[in-house]
Amino acid sequence: MPGFPRLLIVGLALAGLAPPAPAQDAPNIHVQVVVDTLAVRIQYPPEGARLTASDSTFVFGEVTGPGAETARVTVNGVASEVDPGGGWIAYVPVEPDTTIFVVTAEAGGRTARTERAVAVPRPLFAPGPDSLPYKPETLEPGGPLELYAGDTLRVSVVAAPDLAVRARLGERVTPLVRDTARDVNRGRQVWGDEAPLEGASPAVLAEAAAAAAGREPIEGEAWVRWAADVYLTLSGALRDTLWLEMERAGEDLHVVPVTMIDYLDPTLVGVAVLDDDTAGTGRTDHRVIARTGPGLGYQLFLPNGTAAGTLRRRGNWREIALGPGTTAWVDLREAFPVAGARPRSEIAVVRTRAVDGWSEVVIPTEERLAFRIEQDLDPVRYTVDVYGLVSNVDFMETAADEPLIESLQWTQPANGVFRLEVDLRGERAWGYRARWEGTHLVLGFRRPPGALADKRYRSPLHGIRIVVDPGHSPEPSAIGPTGYEEKAANLAIALVLAGILEERGAEVTLTRATPDSGLGLYDRTNLAVASGGELFVSIHNNALPDGVNPFVHNGTSVLFYHPQSEGLAKAIQTELLPRTGLPDNGVWHQNIAVGRMTEMPSVLVECAFMMLPDQEAALKTPEFRREIALGIAAGIERWLREGAR
């Protein structure tokens, strides 16, 4: 507590009290407050939370009062070990619909008890709680559609097994058949707990869900997924309603409207300009993310102002045309229709130039075309595909004093796809950028920091500009069993790390330096680029999604996105593990916003797991936080030295 005289305070926080403001010159005071009540509380999940796991999950919290460190805690009868700091965590079965966690603590003849009610989803193939013969939330497709006659549309729903299910579009009726899709817990799939089920029949799924929850199967649990591909034929109208018909013997026909379909005219070509800053705030990453499908994986990162032909719509997603037979999907709100023909250009020349530590390649296009960049590390090569660009290249200029670009080579692998391969000198890709200069595509390739060439200093950190990001704030963060917030732990580690790096000669920029400050997600990466950062390290502490066993999956991990950052991530993990003493939770390629920045190597360090009592307790100590900071600093040094060799 800055500015507060040294106190011995016992129990004030537990009693919900705050120490009074001291007098200016108050003497040191020793206060002993005895709390005679054993208490237990649940930190997670919060009251009324809707869990994402349907069979088992974790619960954690804190015991306080006399004998708390030796208390015996049970959660719905499952024993949980209590950390000396008072934290506890349990992994327990849950029941569908409403589950009540009953937590008891016993110590020295005292007993404390608390309860927490949460909503638990039914297994995917369990009947819904009402009288409907199907689950409305499983009905697909959702949202308005804009498609072409001749397209095939996947229609599916989870419903009772004794139904006849049909899709009706105009006068055309398509029967739905039983599908073999299974109930996948994505969190367990990512963390390795999702074991494959032979056959994946509804009966097997029902038995597996019941076994995982430690109960008997629910009567009638084995509903099925009905699915079919509906071929779209133009009925004469420009708009049709897709209906689902469900019928059970002896009962009335149940008819449900699924969605509206507008038919696109294949003779008309749509064009849109992409822009992710729809509110004009200037606080985005100035790129539109094009995906592999509606709401699916990230594929391209297109600077604002890129133009593309438009095709189908599915809900809130718009398909854009790329090369022959190649499309991607963008957020409908970031694709602004404009008049004109589908973007297309010819190219006659490629040039290089040097700009403030960057080697740039200028591709003089006539319009802002969609493109893809792929990065290879051995050898260091960038492959750039520009869609809608036709080569008429007779000239490629490489400046005589160009220190980084070794060679340029173009090909036309498909009609309307221009490919440029850029080979770089050196052992390492330090970063790249893509931007529009008028209608010209400018690709920048970053040269290694000049400070690396200065061998006068013991540490290779000397002169390197490093951006340290204490993760979270203002956005919420994870919380530990005793209420310690992740963002507080992140900041405490980051401040120590910044001090160590500066002692070794690095120039450090912090994205926040006080508990009550903070930048938005893209404000941090924008700051890193604007400040000339050469490395970016984001400090975090981990948590798990509902249903994943925390006793199996925990420890230290480092995340990256672009290949240029993988070596840095591995070096930090190598140095961190012996210092934290925690399990090796791996080096992960992961879709994280701060990692998607291309201008510099960027990693996110998950130092420990906030939700585990012993790891939360360790994070509260200056000694453990310093070990983490020393490990990260040593990892950066290792990576820099390896590059220098």
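So, to start: in which loop is H472 found? H472 sits in the loop between β34 (465–470) and α3 (486–503). Quick note on naming: helices (H or I, at least four residues) and strands (E, at least two) are DSSP runs, numbered from the N terminus.

Before I go on, this is a predicted model, where local features need pLDDT of at least 70, side-chain atom pairs count only at pLDDT 80 or more, and totals for chains, interfaces and linings use all residues. Residues are numbered from 1 along each chain as its sequence is written, and side-chain values use heavy atoms, with hydrogens and water left out.

Back to H472: its phi is positive, about 75°, although it is not a glycine. Most residues other than glycine have a negative phi, and most peptide bonds are trans. H472 is buried, at 16% relative accessible area; buried means under 20%, exposed over 50%, partly exposed in between, with a 1.4 Å probe and protein chains only.

D356 also has a positive phi, near 45°. D356 is in the loop between β25 (345–355) and β26 (358–363), and counts as exposed at 74% relative accessibility.

Now the cis bonds. E140 to P141 is cis, omega near 5°, with P141 in the loop between β9 (110–120) and β10 (145–147). D378 to P379 is cis too, omega near 0°, and P379 lies between β27 (371–377) and β28 (380–387).

Last, the hairpin. Strands β19 (residues 287–291) and β20 (residues 298–303) run antiparallel, joined by five bridges; pairing takes at least two DSSP bridges. A290 has L300 in β20 as its bridge partner. Six residues separate the two strands, and G295 in the turn has a positive phi of about 75°.
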